[in-house]
Amino acid sequence: MAAKFEIKKSVNAQYFFNLKAANGEVILTSEEYTEKESATKGIDSVKKNAPDDARYERKTAKDDKPFFVLTATNGQTLGRSEMYDSKAAMETGIASVKKNAPEAKTEDLA
């Protein structure tokens, strides 16, 4: 299985997407959008910004677990990672987004 974006509808009727790695693990989750078209544009922005290391904000949650946020050039959040057990695992997640996002296909599950 290749990496892919999945567009879904949340319980509150908003749209979001996940970027899944080839192994099926979610490596990036978007913010919620009121329109499906906006989610599609968000995917396009992820594809454009993913290769640029400067677009990743490396953060630490209150429980000391590392995670990252992918931002657009205007500073808008495009997506967040899951929580990781180590900084090394987080860096592997970033590398996976950089590698997989630009060529990932989109599956509409909404």
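This is a predicted model: local features need pLDDT of at least 70, side-chain atom pairs count only at pLDDT 80 or more; totals for chains, interfaces and linings use all residues.
1. H1 has a buried side. Ala39, Gly42, Ile43, Ser45, Val46 and Asn49 are buried. They cover an arc of only 165° around the axis, so they sit on the same side of H1. An α-helix has 3.6 residues a turn, so residues three or four places apart point the same way.

2. The other side of H1 carries exposed residues: Glu37, Lys41 and Lys48.

3. What covers the buried residues of H1? Strands S1 (4-9), S2 (15-20), S3 (26-29), S5 (66-71), S6 (77-80) and S7 (105-108) are included in the cover.

4. The structure holds 4 aromatic pairs. One of them is Tyr56 with Phe68: the ring centres are 5.7 Å apart and the planes stand at 65°, so this pair is edge-to-face. Tyr56 is in strand S4 (residues 56-60) and Phe68 in strand S5, 12 residues apart, so the pair links distant parts of the chain.

5. Phe68 is buried, with a relative accessible area of 0%. Phe68 also pairs with Tyr84, with centres 6.3 Å apart and planes at 15°, so that pair is stacked. Tyr84 lies in the loop between S6 and helix H2 (87-100), so the pair ties together parts 16 residues apart in sequence. Tyr84 is buried as well. Tyr56 is buried too, at 5% relative accessible area.

6. Elsewhere, Phe5, Phe17 and Tyr33 form one aromatic cluster.

Technical notes. Residues are numbered from 1 along each chain as its sequence is written. Side-chain values use heavy atoms; hydrogens and water are left out. Buried means under 20% relative accessible area, exposed over 50%, partly exposed in between (1.4 Å probe, protein chains only). Helices (H or I, at least four residues) and strands (E, at least two) are DSSP runs, numbered from the N terminus. The arc is that of the directions from the helix axis to the C-beta atoms. Contact means heavy atoms within 4.5 Å. Rings of Phe, Tyr and Trp (its six-membered ring) pair if their centres lie within 6.5 Å; planes under 30 degrees apart count as stacked, over 60 as edge-to-face and the rest as tilted.
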